[in-house]
Amino acid sequence: MKSAWQKIRNGLNTKIGFFVFTVVLFALKMYWAYQTKFNLGVKGPVQEFLLAFNTLPAALLFLGVALYFRGRLSYWLMLLVNAIVSTWLLANILYYREFSDFLTLNVIKGSGSASGNLGTSLSQIIQPTDFCVYLDVVFVILLLAFKVIRFDMRPFKRRYAATISALSLLLFGVNLGMAEGDRSQLLTRTFDNNYIVKYLGLEAYTIYDGIKTTRTSVVRSKADNQDMKPIERFIKKNYAQPNQAYYGKIKGKNIIVLHLESFQQFLIDYKVNGQEVTPTINKLYHDQNTLAYSNFFNQVGQGKTSDAELMLETSLYGLPEGSAMSTYGTSNTFQAAPALLKQKLGYSSASFHGDVPSFWNRDNAYKSFGYQYFFSKEYFPEVKDSDMGYGTKDKLFLKYSAKYLDQLPQPFYAKLITVTNHYPYLIDKKNTDFPELTTGDKTVDPYVQTAHYLDQSVQELLNYLDKTGMRKNTVLVLYGDHYGISENHKDAIAKILGKKSVTNYDLAMWQKVPFMINGEGIDGGIKDTYGGEIDVLPTLEDLLGISSDKYIQFGQDLLSAQNNQIVPFRNGDWVTPQYTKPAVITLILRRVSKLSTQPRPNNELLIKRKPM
Amino acid sequence: MTTELGLSDKLLNGDLLRFYHLPGFEKVQKKGVSYNLKKGLKALKQQQKDHPTSWRDQNDHRNSIDDYETDAPELNGVTLKFPTK
């Protein structure tokens with residue numbers, strides 16, 4: 001026993017032994033903090049493993065810097081670096097407790113939305129165990145002070161230090177590869193800061209955020225008010241006059257936007273084994289008090305749900321890469337629906353979502369949009385088996401939302417974001433008896449089951465609104481945010497459409513999602529106007545009687561006779577009532593045109609629209 | 001279409017709306033807004049006092065959640081306890 005302890009001490013008395021000891025303590029501390037101080041939503045063995053593994057590359061890299069220095073200095077540097085990272089960890093723990101998110105460079109610089117709230121009551125949120133982040137530093141200092149560990153004054157070869165740095169990068173590469181395997185496009189789409197910390201660690205998140213913020217700051221700093229001129233000219237030219245027959249029709253009424261996750265237009269009136277998949281939504285679609293659009297398209301990019309939200313709230317497009325709400329939601333200026341409705345018509349506003357508030361950076365973006373309230377998961381009761389996939393199951397979520405909906409000062413603008421009809425379309429057996437599709441594609445077949453569950457949830461919400469009498473004074477806006485079945489499942493799509501195979505035109509039409517506005521007194525009907533998510537806000541403004549001719553919004557009022565019915569997609573494709581431009585054709589022609597010197601007539605890019 | 005998307009990207013990348021004064025619209029004030037449970041509930045309570053127009057205000061402060069019927073099996077026999085802090 002004595003000799004084993006002596007061997008350990010001898011090992012610790014070497015610089016590399018001390019380094020390994022420090023790295024292990026540091027990694028354990030980070031893992032402890034991840035498990036106890038944050039709510040990272042770790043699920044499954046891969047994520048559990050990565051949560052522990054991601055502590056190592058950063059520890060080796062940062063603490064390893066000290067190995068390039070000699071003598072006592074390298075020891076103290078190791079401790080100093082540890083103390084600095086620990087302070088950063090502590091700051092994040094405190095910030096997370098208040099805002100359920102991690103610190104960003106924007107917050108540090110004071111330009112973030114939360115900066116004004118920081119430091120108001122640190123004493124109220126700090127907990128004694130938070131200081132455990134310094135335990136390892138203090139412990140090692142004591143070991144050195146009481147000479148349990150002695151300084152190794154021998155020089156540490158630089159090539160060994162470099163090897164450790166290289167090892168840290170290699171491990172980070174492995175870490176990133178495994179993370180991408182479990183959650184593809186982790187860094188390009190920026191779903192949630194929780195994800196980056198969960199998969200790659202706090203240090204990697206900080207560096208990632210720093211790079212992202214610096215990149216956007218450069219573009220931002222070069223911009224000036226002259227850059228607005230071409231935009232203003234375009235908006236003025238693009239503006240469509242409101243439809244006087246509808247102008248102001250819903251003014252003063254509550255608005256409930258029902259965000260139907262991954263809900264595609266083909267589900268409307270679709271039957272499986274003779275049963276309607278969505279009888280409630282079908283009924284709404286055909287209701288005489290519903291303005292329903294049969295040629296309404298989702299226009300999202302990589303930001304998917306967040307792009308849909310951005311377009312609905314601001315009538316600005318999502319970005320070609322990543323999520324605009326994640327990238328700019330905190331720092332940018334917006335003139336969004338909640339703020340416009342409050343300032344113009346005195347509406348209160350709230351968004352409801354049964355998941356963590358940081359997903360898609362909603363907690364910050366909503367503040368920029370002007371939302372007064374954001375009722376996320378922490379506002380809802382904890383009930384066994386209440387979650388599925390991306391948050392609280394729709395039936396529970398909508399019932400919980402009623403608790404706060406009835407407290408909002410009227411008129412209100414409320415957005416309810418459902419989640420159960422989300423890929424991979426999992427629903428427990430006790431919640432469905434609806435038959436699956438029989439395309440043979442396991443990803444596609446259960447889609448109708450979760451859609452059916454969502455439809456039942458909508459029915460329960462309608463019953464509640466009817467029973468309380470709230471519906472009389474409320475306008476419902478329903479929309480599908482994006483496709484549920486991607487174009488990768490062509491065989492299954494063909495079977496759903498009752499075809500042998502699908503064409504590019506079919507796939508373009510596959511991007512249709514429902515959009516309907518239902519309310520007492522609305523002169524409804526199924527409209528075949530071509531439009532998309534970018535057009536929702538101008539349409540609502542028309543119905544609310546808000547004059548939007550000076551607004552910087554890229555959409556057009558769908559009710560306007562001047563609507564040009566051109567629907568651009570984020571990948572450069574577009575559809576109109578006459579023509580459709582799919583990406584595949586463009587790609588082929590681009591490749592061919594590189595080989596050919598002959599100019600091509602423009603109409604080769606176009607596919608004539610088939611009759612419906 | 002390309003112009004439209006490009007202009008929208010330019011607007012977002014450069015945060016150009018900070019330069020645009022929309023008549024009758026004031027820039028959103030984020031300071032003091034918190035979605036933290038405790039602060040959110042407090043703000044809601046305060047707003048109800050300032051603007052007593054909610055459904056509850058019009059219905060003797062009755063909680064309407066009892067009117068919400070669901071067949072969700074997860075809630076069978078469950079008494080809902082909403083967090084307050």
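Modeller: What follows covers helix packing, a surface patch, salt bridges and backbone geometry in a predicted model.

Biologist: At what angle do helices H5 and H12 of chain A pack?
Modeller: Helix H5 of chain A, residues 71-99, and helix H12 of chain A, residues 202-222, pack at about 80°, and their axes lie 11 Å apart. H5(A) is therefore roughly perpendicular to H12(A).

Biologist: Which residues make that contact?
Modeller: H5(A) contributes A:Val85, A:Trp88, A:Leu89 and A:Asn92, while H12(A) contributes A:Leu202, A:Glu203 and A:Thr206. Sorted by class, the contact of H5(A) with H12(A) comprises 4 nonpolar, 2 polar and 1 charged residues.

Biologist: Which element gives the largest share?
Modeller: H9(A) does, with 4 residues of the nonpolar patch. A:Val174, for instance, is found in helix H9 of chain A.

Biologist: Next, how many salt bridges are there over all chains?
Modeller: The count over all chains is 22 salt bridges.

Biologist: What is the partner of A:Glu309?
Modeller: A:Glu309 forms a salt bridge with A:Lys415, with 2.5 Å between the closest N and O atoms. This pair links distant parts of the chain, 106 residues apart: A:Glu309 is in helix H15 (residues 304-314) of chain A, and A:Lys415 is in strand E9 (residues 412-417) of chain A.

Biologist: On to the backbone. Is the peptide bond from A:Gln410 to A:Pro411 cis or trans?
Modeller: The bond from A:Gln410 to A:Pro411 is cis, with omega near 0°. A:Pro411 lies in the loop between helix H19 (394-405) and E9 of chain A.

Biologist: And what about the bond from A:Tyr423 to A:Pro424?
Modeller: That peptide bond is cis as well, with omega near 10°. A:Pro424 sits in the loop between E9 and helix H20 (447-468) of chain A.

Biologist: Finally, is the phi of B:Asp15 positive or negative?
Modeller: B:Asp15 has a positive phi of about 50°, although it is not a glycine. Most residues other than glycine have a negative phi.

Biologist: Where is B:Asp15 placed?
Modeller: B:Asp15 is in the loop between helix H1 (2-13) and helix H2 (37-50) of chain B.

How values were computed
Residues are numbered from 1 along each chain as its sequence is written. Chains are lettered from A and ligands numbered from 1 in the order in which they are written. This is a predicted model: local features need pLDDT of at least 70, side-chain atom pairs count only at pLDDT 80 or more; totals for chains, interfaces and linings use all residues. Side-chain values use heavy atoms; hydrogens and water are left out. Axes are lines fitted to C-alpha atoms, for helices over the stretch in contact, and angles run from 0 to 180 degrees between N-to-C directions. Helices (H or I, at least four residues) and strands (E, at least two) are DSSP runs, numbered from the N terminus. Angles under 35 degrees count as roughly parallel, over 145 as roughly antiparallel, 65 to 115 as roughly perpendicular and the rest as oblique. Contact means heavy atoms within 4.5 Å. Ala, Val, Leu, Ile, Met, Phe, Trp, Tyr, Cys and Pro count as nonpolar, Asp, Glu, Lys and Arg as charged, and the others, Gly among them, as polar. A salt bridge is a side-chain nitrogen of Lys or Arg within 4 Å of a carboxyl oxygen of Asp or Glu.
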